[in-house]
Amino acid sequence: MPIDPAKAVAAEPRSAEISWDHKDVQLYHLGLGAGTPATDPDELRYTLESKLHVLPSFATVAGAGMGVVGGLSAPGIDIDLAAVLHGGQSVTLHRPVPVSGRAVSTSRVAAVYDKGKAAVLVLRSEASDADGPLWTSDAQIFVRGEGGWGGDRGPSERLALPDRQPDATVERPIREEQALLYRLSGDWNPLHADPEFAKLAGFDRPILHGLCSYGMTLKAVVDTLLDGDVTRVRSYRTRFAGIVFPGETLRLRMWADEGRVQVVVTAVERDDAPVLADTVVEHS
């Protein structure tokens with residue numbers, strides 16, 4: 001079997017030094033659509049180095065953010081990358097992400113689940129600097145055709161929608177060139193840029209990175225319901241439920257409760273086709 005769950009989970013964690021500065025943060029924010037209007041004081045917190053704060057989802061790309069790719073080459077894993085789908089993502093913040101920093105990122109396969117017709121790998125990355133832990137990030141990776149060995153199926157939580165109207169609904173346009181800009185933060189998959197490659201993958205044209213939708217959603221929640229204060233975010237998780245194309249519009253419906261915001265994200269132009277589901281931002 002291409003995946004040996006016991007070997008993958010038992011493998012020694014792999015560590016690497018990562019670093020970033022204000023330019024990496026600004027590029028990431030611009031890739032999410034920040035900076036419109038360019039002189040808006042609220043947007044300058046994402047784009048101007050003298051006022052800069054860091055959206056916590058930056059943790060997924062800090063230091064080139066290639067922990068997922070590294071995890072797929074771990075001992076006990078030998079799979080066809082064409083069978084891989086990014087199924088979900090979570091980030092837990094131990095303290096605010098600094099505008100510039102150096103850290104050690106340690107990655108490992110935290111779990112392998114058997115979904116029958118697919119396997120799910122939980123790839124965990126933990127970053128720490130001289131002052132202690134910064135964040136823990138989990139990527140849930142579906143590998144089609146690799147299940148069926150009789151292992152633990154793992155969690156399958158689905159969140160019911162609150163029985164009331166959303167507390168806020170916002171729309172966020174995706175620029176035509178946004179995937180081309182976002183990929184400069186480290187995800188060079190041609191699926192998001194090359195029309196011919198996208199057709200080979202079964203799409204009419206390149207699709208937006210799931211992690212770009214992920215970051216756009218967190219920014220919208222922070223700006224709409226958390227007074228623009230990124231330091232209030234404690235954790236953020238989602239399930240990637242569908243795709244979205246550059247040029248389309250995200251519709252975000254938000255329900256606010258004590259200490260948490262639940263979000264559903266859909267694609268407006270395709271009759272509210274699902275994009276992100278089971279999405280929760282926990283905050284102070």
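Before you start: residues are numbered from 1 along each chain as its sequence is written. In this predicted model local features need pLDDT of at least 70 and side-chain atom pairs count only at pLDDT 80 or more, while totals for chains, interfaces and linings use all residues, and side-chain values use heavy atoms, with hydrogens and water left out.

**Exercise 1. Work out how the rings of Tyr214 and Tyr236 are arranged.**

Step one is the rule: rings of Phe, Tyr and Trp (its six-membered ring) pair if their centres lie within 6.5 Å; planes under 30 degrees apart count as stacked, over 60 as edge-to-face and the rest as tilted. That rule gives six aromatic pairs. Step two: the centres of Tyr214 and Tyr236 are 4.1 Å apart and their planes are at 15°, so this pair is stacked. Step three: Tyr214 belongs to helix α7 (residues 210-225) and Tyr236 to strand β7 (residues 233-240), so the pair ties together parts that are 22 residues apart in sequence. Helices (H or I, at least four residues) and strands (E, at least two) are DSSP runs, numbered from the N terminus. To finish, look for the cluster that ring pairs make out of Trp20, Tyr28, Phe58, Trp135 and Tyr182.

**Exercise 2. Decide whether His29 is buried or exposed, and find what it touches.**

Start with its place, helix α2 (residues 22-31). Buried means under 20% relative accessible area, exposed over 50%, partly exposed in between (1.4 Å probe, protein chains only). His29 has a relative accessible area of 1%, so it's buried. Next, contact means heavy atoms within 4.5 Å. Not counting residues up to four places away in sequence, His29 touches Ala34, Tyr46, Leu52, His53, Val54 and Leu55. Zoom in on Tyr46: its backbone oxygen is 2.8 Å from a polar atom of the His29 side chain.

**Exercise 3. Find the residues that touch the most other members of the largest nonpolar core.**

A nonpolar core is a set of buried Ala, Val, Leu, Ile, Met, Phe, Trp, Tyr and Cys residues joined through side-chain atoms within 4.5 Å. The largest one has 51 residues, and Trp20, Phe58, Trp135 and Met254 touch the most other members. Helix α7 supplies the largest share of this core, eight residues. Apart from it lies another core of 14 residues, including Val112 and Ile141.

Note on methods
A polar contact is a pair of N or O atoms within 3.5 Å; within protein, one must be able to donate a hydrogen and the other to accept it, and residues adjacent in sequence count only if both atoms are side-chain atoms.
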